[in-house]
Amino acid sequence: MSRALAYYFRFPGSSWVGLAVAPTMDDIFWVIDEFGNPHDAEIQKTNRGGFCVRRDDDDREFEYSDSTPLPDDKGWVAFKWRGTR
C-alpha cells in the first residue's frame with residue numbers, strides 16, 4: 001500500500017487555500033501548478049482531510065468535513081522545490 005502526501009497550499013495575496021494530495025513531492029508540484037506557479041506557493045503539511053463535490057450541470061457545491069483540520073495561520077512555509085523544473 002502506498003501512502004499519499006497531503007499539503008495545504010496558498011499563494012500570497014490570495015484568499016484561496018488549496019489541498020494537494022499525491023504520492024511524491026514532484027506530483028504535489030504538478031497538482032499546485034494547476035492553480036498557479038508552484039515556486040510562488042506556500043505550503044503546510046496536513047495528515048488528514050476530506051471534502052465532497054456536488055455537481056449539477058455547470059453548478060458546483062463544495063462541502064468539507066467538520067473534522068478536517070484547517071491550516072494554522074502560523075504554519076505556512078515557502079517550499080524549496082527540488083528536482084522539478
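A nonpolar core is a set of buried Ala, Val, Leu, Ile, Met, Phe, Trp, Tyr and Cys residues joined through side-chain atoms within 4.5 Å; buried means under 20% relative accessible area. The model on screen is predicted.

**Stop 1: the core.** Select Tyr7, Phe9, Phe11, Ala20, Ala22, Ile28, Phe29, Ile32, Ala41, Ile43 and Trp81; these eleven residues form the largest nonpolar core. Now colour β1 (5-10), β2 and α1 (25-33), each of which supplies at least two of the core residues. Which of these elements gives the most to the core? The answer is α1, with three residues. In soluble globular proteins, nonpolar side chains tend to be buried together.

**Stop 2: Tyr7.** Stay in the core and centre on Tyr7, one of its residues. Leaving aside neighbours within four places in sequence, Tyr7 is in contact with Gly18, Leu19, Ala20, Met25, Ile28, Ile43, Gln44, Lys45 and Thr46.

Stop 3: From Tyr7, move to Leu19, one of its contacts. Leu19 lies in strand β2. Leu19 counts as partly exposed because its relative accessible area is 32%, between the 20% and 50% limits.

**Stop 4: His39.** Select His39, in the loop between α1 and β3 (42-45). His39 is partly exposed, at 46% relative accessibility. Then pick Trp81: His39 and Trp81 are 42 residues apart in sequence, yet their C-alpha atoms are 7.2 Å apart in space. Trp81 takes you back to the core of the first stop.

How values were computed:
Residues numbered from 1 in each chain as written. Predicted model: local features only at pLDDT ≥ 70, side-chain atom pairs only at ≥ 80, totals over all residues. Heavy atoms only, no water. Helix = DSSP H or I, 4+ residues; strand = E, 2+ residues; numbered from the N terminus. Buried < 20%, exposed > 50% of the residue type's maximum accessible area, 1.4 Å probe, protein only. Contact = heavy atoms within 4.5 Å.
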